[in-house]
2 protein chains.
Amino acid sequence: MSDRTYRHTVVLDWGTTGFSAALLDESGGVREVKTGDLGIQSVPNGEHEKVLSGELADWRARCGGLSIIASGMIGSRNGWIEMPYVPTPASAADLAAAARTIELPHGDTLTLLPGLTDRTAHPHSDVMRGEETQLVGFGLERDIVVVLPGTHTKWAELRGGQIHRFRTFVTSEVFNTVAHHSFLMKAAKGEASATGQAFLDGVKLAMDDSGRAGGLLTRLFSLRTAWLAGELEQQDMRSRLWGLVVGWEFREAREQNWFSPGDPIAVVGDDHLVDVYEVVVEAFGARLVSAGRDMAIKGAQAIFQHAAS
Amino acid sequence: MSDRTYRHTVVLDWGTTGFSAALLDESGGVREVKTGDLGIQSVPNGEHEKVLSGELADWRARCGGLSIIASGMIGSRNGWIEMPYVPTPASAADLAAAARTIELPHGDTLTLLPGLTDRTAHPHSDVMRGEETQLVGFGLERDIVVVLPGTHTKWAELRGGQIHRFRTFVTSEVFNTVAHHSFLMKAAKGEASATGQAFLDGVKLAMDDSGRAGGLLTRLFSLRTAWLAGELEQQDMRSRLWGLVVGWEFREAREQNWFSPGDPIAVVGDDHLVDVYEVVVEAFGARLVSAGRDMAIKGAQAIFQHAAS
């Protein structure tokens, strides 16, 4: 056990397929980062503490007992300890009130943050774990719509200092599975890129309002007919598919009143999907508001401070 | 070469992943059927005649030179001889006029039927190969909408003795790829069934007009939230997914003016998908018109007789 009064903070993102941990300095800046490919589901029941303790041993040796803050899938049914979902609308204080801190054997403390649920979703409440922490990191003081792209992309509306509502779109699932496992894409070559014209053509295809293009299930077939017509190269097929499916997400979001042209939208995340989604925000005529990175770390600290105060 | 005046007819369905051939009697009934798993794409360029000749050798030995009629993918770019697409609206006579007959070395003749294209589709003309023959087999004299379920399901409107227009929906692609390759279905167990309540619940989910259910990309996520809420069993997940996606096809079709409640719809095909789609026709309040099987064989004969007359 360390007898120092200051406890170093570690923000832990332990997900389904890997983990990353950030050791913070006293001013909240990231001092060091560790990543690994050991997902929570690969850890046997009851072994999470042991595994985590081992992974963070050198930081503990150097800094003393750690104050670990974790949100996301570690608090899910398949994780370590199942944490509740706080209902929307929710402030950072509401999330903090549902956090739970436990003492760990080696002198660390672990604070698990709750998830968030939107009970206005139909027919079942929508849920997020981890994205609510990113939203707090982004800041809840502005009234704005925030898109958090991922395997299951979240759209969230911030209003009056709260996360007011959110919805999930499984866009990346549809894209990835169709891109790599369908007959439709059998002629496709190479991987998808969002930086070229083919992606933009897909977004335009999603935006087409001619009334003759049909719905998503029909537009998807136009990737094949475009190729048959000699108007789409094999190496552009997956890129156009990607643009179409992400564009379709924005079309559905617009129809569900998440935005109108000219409205401000921020895209929050830490990977290449942020750039992809930012392109589509602008294609749909919304006003892109820039957001920084590392929102999960900022948000975890902010909620933790609420909880500690 | 046979010197008999009557040539036995063989209707050949040689597709991407297999072939089936039906030897007909003089009254057009099916006398014998052969199937095999040698798809057209497995046959090297220029070898199609040799392979076909071998497959049909015993029938030729018994009946003399055969009159082989073939539609579908054998006439595609990846097939034997690329056949043109006849534009909609098209009658059986229009299809017959574009058929092409070639003499084969062993005394057979091969009549390849054309495909069909709908140039009103946007942004690229829609296409079918084979389904137009099934439509002729079903009969073009009724004014009705016909659904031909498959990997790429076709909706066709018959009007005034012609195939008036059609559109493709890649429903089965989205279902199959998401059902078997997504994180969304990771908790799913067992295969999908369309005969139980779980499938119907999926169709109802597609039909939900509450305004709070979102579009397809959001409704797909409700399969996971339903499971998290303890309201969906793991062995029902794929069935509900199937109902949702096929139901969504009908929803898109209704929005694109393919039908309104009470309108007659026939489902044409030769596999279990016919039963699946018939359930959804009735769930959406359309009037199901029953259709027989073997429409491809009836249609091939009808077009061939037009061509010969």
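In this predicted model, Ser67(B) is found in strand β4 of chain B, a strand that covers residues 67-71. The relative accessible area of Ser67(B) is 5%, and because the cut-off for a buried residue is under 20%, Ser67(B) counts as buried. What does Ser67(B) contact, once its neighbours within four places in sequence are left aside? The partners are Arg7(B), His8(B), Thr9(B) and Val10(B), together with Thr109(B) and Phe304(B).

Turning to chain A, the secondary structure comprises 11 helices and 14 strands. The radius of gyration of this chain is 21 Å, close to the 19 Å given by the globule rule for 309 residues, so chain A is as compact as a globular protein of that length. The C-alpha trace of chain A spans about 70 × 40 × 35 Å along its principal axes. Two domains are assigned in chain A: domain 1 takes in residues 8-129, and domain 2 takes in residues 171-289. Taken over C-alpha atoms, the centres of domain 1 and domain 2 of chain A are separated by 33 Å.

How much of chain A counts as buried? The share is 58% of its 309 residues. Among the contacts in chain A with a separation of 6 or more, 62% come from residues 24 or more positions apart. As for the surface, chain A exposes about 12,200 Å², and carbon and sulfur atoms supply 48% of that area. The charged side chains of chain A number 29 positive and 39 negative, and 3 Å lies between the centres of the two sets.

Just after α10(A) comes Gly285(A), whose phi is positive, at about 75°.

Technical notes: Residues numbered from 1 in each chain as written. Chains lettered and ligands numbered in written order. Predicted model: local features only at pLDDT ≥ 70, side-chain atom pairs only at ≥ 80, totals over all residues. Heavy atoms only, no water. Helix = DSSP H or I, 4+ residues; strand = E, 2+ residues; numbered from the N terminus. Rg over C-alpha atoms; globule rule 2.2 N^0.38 Å. Buried < 20%, exposed > 50% of the residue type's maximum accessible area, 1.4 Å probe, protein only. Contact = heavy atoms within 4.5 Å. Areas by Shrake-Rupley, 256 points an atom, 1.4 Å probe, with all protein chains shown as cover. Lys, Arg positive; Asp, Glu negative; His and termini not counted. Charge placed at Lys NZ, Arg CZ, Asp CG, Glu CD. Domains from an automatic or database assignment.
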